[in-house]
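Me: I am new to this structure and would like to learn how to read its features. Please take me through them one at a time.

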Amino acid sequence: MNYETLEIVVEQGVATVWMNRPDVHNAFNAQLIADITSACRQLDADDAVRVVVLAGRGKSFSAGADLNWMKAAGEASVEENLADARKLAGMLRTLSEMDKPTIARVQGAALGGGMGLASACDICVASDKAVFATSEVKFGIIPSAISPYVLRAIGERQSYRYFQTAERISARRAGEIGLAHEVVAAEELDAKVSEIVTALLQGGPKSQAAAKDLIRAVANRPVSDELVEDTARRISSLRATPEAKEGLDAFLSKRPAAWVPVQ
């Protein structure tokens, strides 16, 4: 897979998608949005890929929207801006709804859309030098496209503060409010990502996809008869699958399951 704004490295079932615009801090433009969208779709369809890590070359993870792109948007029509906004929203949704586990590797600034990317991934691992912000109100706009994923990560109450103040959020604070799952020293970032990748590779691929779908189905819903029945049907439909049978047999036989990579 060759992309103008990305470098993709696949090793032992792990695809690392490097945003590769370090000269502009991996800021969004139309090409980067299109490339991430396409890469997510291709990697999700590739059975050889088990885990996807999103990372940024250079000092920043992603500093949000490219200034030249923003300037052009300010001069464009409402219809043109709507088309661009739909592409950005579609990219974030494509990333968020991947069947495969996703990890954001955040080594530096993740601002605006960059914070959206980190929030859209299933897991966020941040260096202690990372910094986050929903900085849009400083530019007279709102963090609209990223809002479903940031709200999911930090909750409604914290969003009221940060969507309006656009304050910088330190890595430590990001860990406190649920944005970052892990915050480690910069030199330990890759080791922590690898540790989580190793844990993910122990799980069944189909069950992990089903687990993600389960979360989307259950989150923020009341415990009703319909919801309880849905959860019962989900587990019963999986118990008789080849993956579940292999997982149980591997456990009882005290051996790695067939999907665990050979070391």
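**Pockets, cavity, surface and salt bridges**

Reply: In the lining of the second largest pocket, helix α8 has the largest share, with five residues. Keep in mind that the model is predicted.

Me: Which other elements supply at least two residues of that lining?

Reply: Besides α8 (205-218), α4 (113-120) and α5 (147-165) each supply at least two. The volume of this second largest pocket is about 570 Å³. It is lined by 22 residues, and D122, R152, K212, I215 and R216 are the closest to its centre. Sorted by class, the lining has twelve nonpolar, six polar and four charged residues.

Me: What does one do to find where empty space is left?

Reply: The general idea is to roll a probe the size of a water molecule over the atoms, which shows where empty space is left. In this structure, the largest pocket holds about 880 Å³ of space.

Me: Which residues lie nearest the centre of the largest pocket?

Reply: They are A65, W69, M70, E136 and I141, out of 35 residues in the lining. Two elements give two or more residues to this lining, α2 and α3 (78-96). The largest share comes from α2, with six residues. By class, the lining of the largest pocket has 21 nonpolar, nine polar and five charged residues.

Me: How does a cavity differ from a pocket?

Reply: A pocket is open, whereas a cavity is a space where the probe fits but cannot get out. This structure holds one cavity of 30 Å³ or more. The largest cavity has a volume of about 50 Å³.

Me: Which residues line the largest cavity?

Reply: The lining is made of V17, I36, A39, C40, L43, V52, L54 and L95. The elements that give two or more residues are α1 (30-44) and β3 (51-56), and α1 gives the most, with four. By class there are eight nonpolar residues, no polar ones and no charged ones.

Me: I36 is in that list. How far apart are the C-alpha atoms of I36 and A210?

Reply: The separation is 23 Å, for two residues that are 174 residues apart along the chain. A210 lies in helix α8. At 25% relative accessibility, A210 is partly exposed.

Me: Now the surface. Is L67 buried or exposed?

Reply: Exposed means over 50% relative accessible area. L67 has 62%, so it counts as exposed. L67 is placed in helix α2 (residues 67-75). Together with F139 and I141, L67 forms a nonpolar patch on the surface, and the three have about 330 Å² of accessible area.

Me: Which residues other than glycine have a positive phi?

Reply: H25 is one of them, with phi near 55°. H25 sits in the loop between β2 (14-19) and α1, and at 35% relative accessibility it is partly exposed. N220 also has a positive phi, about 65°, and is not a glycine. N220 belongs to the loop between α8 and α9 (225-239), and its relative accessible area of 83% makes it exposed.

Me: How should I read a salt bridge, and how many are there?

Reply: Look for a side-chain nitrogen of Lys or Arg within 4 Å of a carboxyl oxygen of Asp or Glu. The structure holds 14 salt bridges. In one of them, the side chains of R105 and D190 meet at 2.7 Å, N to O. R105 is in strand β4 (residues 102-106) and D190 in helix α7 (residues 189-200), so this pair ties together parts that are 85 residues apart in sequence. R105 is buried, at 12% relative accessibility, whereas D190 is partly exposed, at 44%.

Me: Which partners does R234 meet in salt bridges?

Reply: One is D213, at 2.8 Å, N to O. D213 lies in helix α8 and R234 in helix α9, so the pair ties together parts that are 21 residues apart in sequence. Another is D230, also at 2.8 Å, N to O. R234 and D230 are both in helix α9, four residues apart, which is about one turn of the helix. D230 is partly exposed, with a relative accessible area of 24%. Elsewhere, salt bridges that share partners join R172, R173 and E176 into one network.

Technical notes: Residues are numbered from 1 along each chain as its sequence is written. This is a predicted model: local features need pLDDT of at least 70, side-chain atom pairs count only at pLDDT 80 or more; totals for chains, interfaces and linings use all residues. Side-chain values use heavy atoms; hydrogens and water are left out. Patches are made of residues with over 30% relative accessible area and no salt bridge: like charges are joined within 9 Å, nonpolar side chains (Val, Leu, Ile, Met, Phe, Trp, Tyr) within 5 Å. Accessible areas come from the Shrake-Rupley method with a 1.4 Å probe; for residues, only the protein chains shown count as cover. Buried means under 20% relative accessible area, exposed over 50%, partly exposed in between (1.4 Å probe, protein chains only). On a 1 Å grid over the protein atoms alone, a cavity is a set of points where a 1.4 Å probe fits but cannot get out, and a pocket is an open set with protein on both sides within 12 Å along at least five of seven lines; lining residues have an atom within 4 Å of a point. Grid points are joined across faces, edges and corners, and a volume is the space filled by probe spheres set on the points. Ala, Val, Leu, Ile, Met, Phe, Trp, Tyr, Cys and Pro count as nonpolar, Asp, Glu, Lys and Arg as charged, and the others, Gly among them, as polar.
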